[in-house]
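Here is a protein chain with a ligand. Take a look at the model before reading on.

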Amino acid sequence: MSAVAMDVIVSLAKRRGFIFQSSEIYGGTGSCWDYGPLGVELKNNIKRVWWRDFVHQRDDMVGLDASILMHAMVWKASGHVDHFTDPMVDCRECKHRFRADQVDERDWTHYCPATKGNKFTIKAGEPCKHCGARRTLCPDCGNGELTAPRQFNLMFKTFMGPVEEDAAVTYLRPETAQGIFVNFDNVLQSTRRKLPFGIAQIGKAFRNEITPGNFIFRSREFEQMEIEFFVNPHERLDGRPADEAWHDRWIADCQAWFVRYGLAADHVKLHEHGRDELAHYSKRTVDLLYKFPMGWSELMGIANRTDFDLKQHSKFSGKSLTYFDEERKEHLVPFVIEPSAGVDRALLAFLLDAYQEEQVRGEKRVVLRLHPELAPIKIAVLPLLKKRQEIVAMGHDLRRRLTRRWLTLYDDTAAIGRLYRRQDEVGTPYCVTVDVKTVGDAEKGEAGDDKVTIRERDTMEQIRVPIGDLETVFGRLLDTGTPWRDITGSYPRAEG
Ligand code: GAP
C-alpha cells in the first residue's frame with residue numbers, strides 16, 4: 001500500500017493549512033472537509049490543469065457550469081430516485097447504521113462467553129480466538145441484532161421555495177453529469193458542434209454516504225471533474241464501434257494524466273467492472289484505482305453510458321435530444337463516454353504520492369514532491385538576515401514582482417534552514433534567498449552584486465542568479481517545464 005500512513009497526511013494537512021475538519025470547533029462533522037490557505041491553492045491548481053488539458057487544449061471539448069439545484073424530474077429520469085441507493089442495516093440497540101456490504105470490513109466488539117463475558121475488539125473478518133465465534137451482532141456495541149438490509153437513497157433532499165411540501169421537493173445533485181445531459185441540445189445548438197465532442201464540468205456534488213471516511217476519500221460534499229463525450233454509435237474507429245474505441249482512448253488518457261502530474265505509474269491500475277458492479281446506465285465501466293493507504297481504491301471511473309441518459313431525459317421532458325447525422329441523413333441519439341474524477345480523491349492521491357521523508361545531515365526532512373504545476377506556492381522569497389532593512393525591502397520587492405506571474409510568498413519568521421524546511425514540507429519548488437552580497441553594505445561603501453540564490457526543492461541544489469534573469473529563469477522552469485538540470489549549467493553553484 002501507499003508508503004505513507006493516512007494519519008501522517010491528515011496531520012500535515014491540518015498543521016500546514018491544507019485541510020481542516022468542517023465545523024471543527026463544534027466537534028467536526030467527520031463527513032465534510034474545509035480547504036485551508038494551501039489546500040485551496042492545490043485544489044484550484046488541480047482543477048486548472050485538468051480544465052486546460054482536457055478542455056482548452058483539445059478542439060473537441062467545451063465547458064459548462066450548470067446549477068446544483070435542478071428540476072426534480074431530472075433525478076427521476078436519470079434513475080437516481082429509484083436506483084441511487086445503498087443497502088443499509090441498523091443496530092436495534094445502539095441504532096448505529098452500516099452499509100450492509102461493508103459491515104464485515106469493520107473491527108467488531110465481542111463479549112466472549114469463554115472468558116466470562118470479557119469485552120474484546122476483534123479485527124475485521126476474524127473470529128474470536130477464545131471461543132471461535134464470528135460476528136453476528138452489531139460491530140460497534142456488540143449487543144444489538146442488525147435489521148435486514150433496506151435500500152437507502154443517497155441523495156440529499158431539500159425544498160425549492162418557501163413551502164415544504166411534496167411538490168417542492170428537489171435534491172442536491174449527486175453527480176454533475178446530469179447538468180450536462182439536460183443542456184446537451186443547448187450546447188449543440190449554440191456551438192454547432194459535430195460528433196464526436198465533449199462537454200466538461202467541474203463542480204460540487206453531494207451524497208448522503210452511510211459510511212463516509214478515510215479523510216477526504218469519501219465525504220458527503222465533494223467536487224467532481226466530469227466529461228460527457230458524445231459519440232456517433234454508427235461510426236467505426238480503429239475497426240471497432242466508435243463508442244468502444246473512444247472509451248479505450250479516454251481510459252488511456254486519464255491514466256496518463258494522473259501519472260504526468262506525479263502519481264507513480266505502479267500506484268495506479270485499472271479495474272474492469274464485473275456485470276454485478278455495473279451502474280444501471282453503464283454498458284462498460286473501468287475504474288482507475290490508486291494504491292491508497294487503506295488499499296487499492298477508486299480514484300475515478302470511466303463509463304460507457306450509452307444513450308441511456310439522453311433517451312431518458314427525452315422521454316421524461318418530451319424534448320428531442322438527438323443529433324442530425326448529415327452523412328446518413330438521420331437523427332440519432334449519441335452514445336456517451338464519461339470520464340468522471342473526484343477532485344478531492346485526486347488531491348489526496350497527489351498528496352500521498354508526493355510525501356517523502358529523508359535524512360539530510362542527520363536530520364529528518366519532510367518534502368512534498370508535488371508537480372510544480374500543482375504546488376500551492378511556486379516560489380518563496382526568504383531574507384537571510386531580517387535585521388537588514390535593505391534585504392527585507394528587496395525581498396518584499398521581489399515577491400511583489402514575481403507573484404504577478406507565479407504565486408510567491410515572503411517569509412522571514414525563522415532562520416533560513418527552518419524556512420527551507422517549511423517550504424519543502426508544503427511542496428514549494430523554488431526558494432529565492434536575498435543575502436548581504438545581494439544588497440551590499442552602504443556604510444562600508446560596498447556595492448551589492450544584485451544576485452540572489454535559487455534553491456531547488458528536490459535536489460536542494462543552489463545557484464546564484466542575477467535578479468534581472470529571475471523572470472526568464474522561472475518562466476523556463478515553471479511555464480515551459482524546462483528541467484532544473486538544464487538551467488544549472490548557466491549559473492554558478494551557491495553553497496548551502
Ligand atoms: N457521473 C458518474 C459518477 O458520479 P461515481 O463513480 O459515482 O460516478 C465519480 O463518481 C467519482 O467521484 C469517483 O470516482 C470519485 O473520485 C468521486 N466520488 C464519488 N463519491 C465520492 C465521495 N463520497 N467522496 C469523494 N469523492 C467521491
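## Ground rules

This is a predicted model, in which local features need pLDDT of at least 70 and side-chain atom pairs count only at pLDDT 80 or more, while totals for chains, interfaces and linings use all residues. Residues are numbered from 1 along each chain as its sequence is written, and side-chain values use heavy atoms, with hydrogens and water left out.

## The whole chain

The chain holds 14 helices and 29 strands. Helices (H or I, at least four residues) and strands (E, at least two) are DSSP runs, numbered from the N terminus. The C-alpha atoms fill a box of roughly 85 × 80 × 50 Å, taken along the principal axes.

There are 496 residues, and 50% of them count as buried. Buried means under 20% relative accessible area, exposed means over 50%, and partly exposed lies in between (1.4 Å probe, protein chains only). The chain exposes about 23700 Å², and carbon and sulfur atoms supply 49% of that area. Accessible areas come from the Shrake-Rupley method with a 1.4 Å probe; for residues, only the protein chains shown count as cover.

Contact means heavy atoms within 4.5 Å. Of the contacts in the chain with a separation of 6 or more, 65% join residues 24 or more positions apart.

## Around the ligand

The ligand is surrounded by 21 residues, and the closest are Glu 175, Arg 207, Glu 209, Glu 226 and Glu 298. The shell divides into 7 nonpolar, 5 polar and 9 charged residues. Here Ala, Val, Leu, Ile, Met, Phe, Trp, Tyr, Cys and Pro count as nonpolar, Asp, Glu, Lys and Arg as charged, and the others, Gly among them, as polar.

Which strands build this shell? β12 (221–231), β17 (295–306) and β20 (335–342) each supply at least two residues. β17 gives the most, with 5 residues.

The table lists distances from a nitrogen atom of the ligand to an N or O atom in a side chain. A polar contact is a pair of N or O atoms within 3.5 Å; within protein, one must be able to donate a hydrogen and the other to accept it, and residues adjacent in sequence count only if both atoms are side-chain atoms.

| Side chain | Distance to a ligand nitrogen |
|---|---|
| Glu 209 | 2.8 Å |
| Glu 226 | 2.5 Å |
| Arg 305 | 3.5 Å |

On its own, the ligand has 540 Å² of accessible area, and the protein covers 91% of it.

In helix α6 (residues 184–191), the buried residues are Phe 184, Val 187 and Leu 188. Seen down the axis of α6, they fall within an arc of 100°, so they line one face of the helix. The arc is that of the directions from the helix axis to the C-beta atoms. An α-helix has 3.6 residues a turn, so residues three or four places apart point the same way. The cover over the buried residues of α6 includes α5 (177–182), β12 and α8 (308–317). Just after α6, Arg 192 takes a positive phi of about 55°.

In α8, Asp 309, Leu 310, Gln 312 and His 313 are buried. These residues cover an arc of only 165° around the axis, which puts them on the same side of α8. Their cover includes α3 (72–77), α5, α6, β12 and β17. Gly 318 follows α8, and its phi is positive, near 80°.

Thr 109 sits in strand β6 (residues 108–112). Its relative accessibility is 10%, so Thr 109 counts as buried. A polar atom of the Thr 109 side chain lies 2.9 Å from the backbone oxygen of Asp 140. Leaving out residues up to four places away in sequence, Thr 109 touches several others, including Lys 119, Phe 120 and Cys 138.

Gln 102 is in the loop between β5 (97–99) and β6. Is Gln 102 buried or exposed? Gln 102 has a relative accessible area of 16%, so it is buried. Beyond four places in sequence, Gln 102 touches Thr 211 and Arg 218.

Arg 455 is found in strand β28 (residues 451–456). With 3% relative accessibility, Arg 455 counts as buried. Its side chain makes a polar contact with the side chain of Asp 424, at 3.0 Å.

Technical notes: A residue is near a molecule or strand if one of its heavy atoms lies within 4 Å of it.
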